[in-house]
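Me: I have a few "how do you know" questions about this one. Could you walk me through them?

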Amino acid sequence: MAEGMITRFGRMLRDKELSCTELTEKYLTQIEQANGDLNAYVKVTPEEALKTAKAVDEKIAKGEELSALEGIPMTLKDNISTKGIETTCCSKILEGYKPIYNATVWETLRNSNAVLLGKTNMDEFAMGSSSETSYFGGSANPHDITRVAGGSSGGVASAVGGNIAVYGLGSDTGGSIRQPASFCGIVGLKPTYGAVSRFGLIAYASSFDQIGPITTTVEDAAIVYDAISGYDKMDSTSRGRVGDPTVNSLKNDIKGMKIGIADEYLDGVNDDVRALIEKACAVYESLGAQIVRFKLPSLKYALPVYYILACAEASSNLGRYDGIRYGYRTSSYNDINEMVCKTRSEGFGAEVQRRILLGTYVLSAGYYDAYYKKAQNLRGSIVNAFKAAFESCDVILAPTVPMTAFKKGSAVSDPIQTYLTDICTVPVNIAGLPGVSIPCGFDKDNMPVGMQLIGNTFCESTILNAAWQYENAAGADVFRQSAYGVKL
Amino acid sequence: MVTREDVINIARLSKLYIAEEDLDEMTKAMADIVKFADTINNASEDGVEFDNINNLSNAFREDEVVPSYDRDEILSNANDTDEGHFLVRKRV
């Protein structure tokens, strides 16, 4: 899988093996056939897709150069604003909402003629780990449709793993790109905080949220990351990409690279996942990398720190939904306060309401110091622990999720148990680091297992280099196509 | 310990109505989540005050007047508008 799908399809378009319209139509046909099973798309945009495809075909006919992502069919998570195209965060409260501007990432891709197939399913406001808190119901795993695709970017992962999009953009607040990528046997990159503009990403927890690519190969993830990263004056926390495009260093030799393993990441991880992580260490050693074992004791507080801070930010961010300026409004009310309260209670689902309540609780008088302030200071300790770790290693290798994709319906019954599945992914968001999940094998039920490579801030090149080398060495042992979608 | 009264108060601050029949379940869910959050109180801190995640300080720029969004476009997503304004009816 060393050559990515984006490179291959780009070459096929340039060589006129098929037209962009034909390629787009193949994807639209497969979406029609597979989406009933996968529930990956909540909105398909054939007119938009075919209009762009036609423009690309005209460029090819005139002999003009195509950029890397030009004409490649893709999708966006439904919390990324698309001008004139309904963007709901899979919540009833944003029913019918059509943004009047594009998210910067979509503006950038649109300007390079990316073919938007549609908007994909997600947990409501990105709050969940199975995509089942979506107003439209959960997405299925393309490797076994009785299981979840993961979340919150479950729709993107289901679409890419189900070959009904070449790539997609998701958002990752506590693992929402990496966890579904791991469950669906594909690649998901959560960039460094500030590397990719958040303008137009509907906010969940602003100091954690980051947009990134979900793809089938590491090379694809690098190409998409290089395209969407950069400084944006519309995002006050934007920093942009640091250094050269990451595709330039994918194939670098990793001899002597120090790969760190923290014991705490392996606590409570299931046996199949643990065995595959150990196997990956052996692959890295055979490539000349050095395995460094160390401890990260503050990790055990990562999960409560994350839930306290993310919910606090969410309770503030979601204060804007009042039924006045956009979205759903309740049908009967006596005064403005009743209108706002009824609109919110009818418009938000149970998990969103739980998180707003927890966020309000930890920010309220009497609890602020014990929860919010304490969690912020622990966030600082976790940031420092990672800083220290990167003095002795170049990347950290960890499981992405302690288990593989679980059965549909099992997450909804117990919120705390579901929160625990995020244990390996949230530390990266707490510390603002980049992390990539790549496939590393299959468990005894033949479900994909993912592993995570974590880098120091703005070291996307290093983790993608390590990821590419592993993918290249492990090859067919770790990646299988699902039965769905376009086969070319 | 989270009580029913706490949940009612927090819901009021959050502008959410919790139906009477859902109150016990929500109180239990909140109590479980707060108990889980309480584990941070076992941790010792570095004594480091956390500022912001990417160490940004204020970035100043010239205050330039630039065109903003079209008023009609902005109003197009609202349930009710009148003479270029969002409208909330006093009573329905």
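Reply: Happy to! Helices (H or I, at least four residues) and strands (E, at least two) are DSSP runs, numbered from the N terminus. Residues are numbered from 1 along each chain as written, and chains are lettered from A and ligands numbered from 1 in the order in which they are written. This is a predicted model, where local features need pLDDT of at least 70, side-chain atom pairs count only at pLDDT 80 or more, and totals for chains, interfaces and linings use all residues.

Me: Which residue just after α5(A) takes a positive phi?

Reply: That is N163(A), with a phi of about 55°.

Me: What makes α5 of chain A "mostly covered"?

Reply: A residue is buried if 20 or more other C-beta atoms, placed from the backbone, lie within 10 Å of its own, exposed if 12 or fewer, and partly exposed in between. In α5 (residues 154-161), 8 of its 8 residues are buried, including V156(A) and V160(A).

Me: Why is E86(A) called partly exposed?

Reply: E86(A) has 16 other C-beta atoms within 10 Å, so its count falls between the cut-offs of 12 and 20. E86(A) is in the loop between β2 (73-77) and α4 (104-111) of chain A.

Me: What does V305(A) contact, leaving aside its neighbours within four places in sequence?

Reply: Contact requires C-beta atoms, placed from the backbone, within 7 Å. The partners of V305(A) are A375(A), L378(A), R379(A), I382(A), I430(A) and I40(B).

Me: How confident is the predictor in chain B?

Reply: On pLDDT, the per-residue confidence from 0 to 100, chain B has a mean of 86, and 85% of its residues reach 70 or more.

Note on methods: Contact = placed C-beta atoms within 7 Å.
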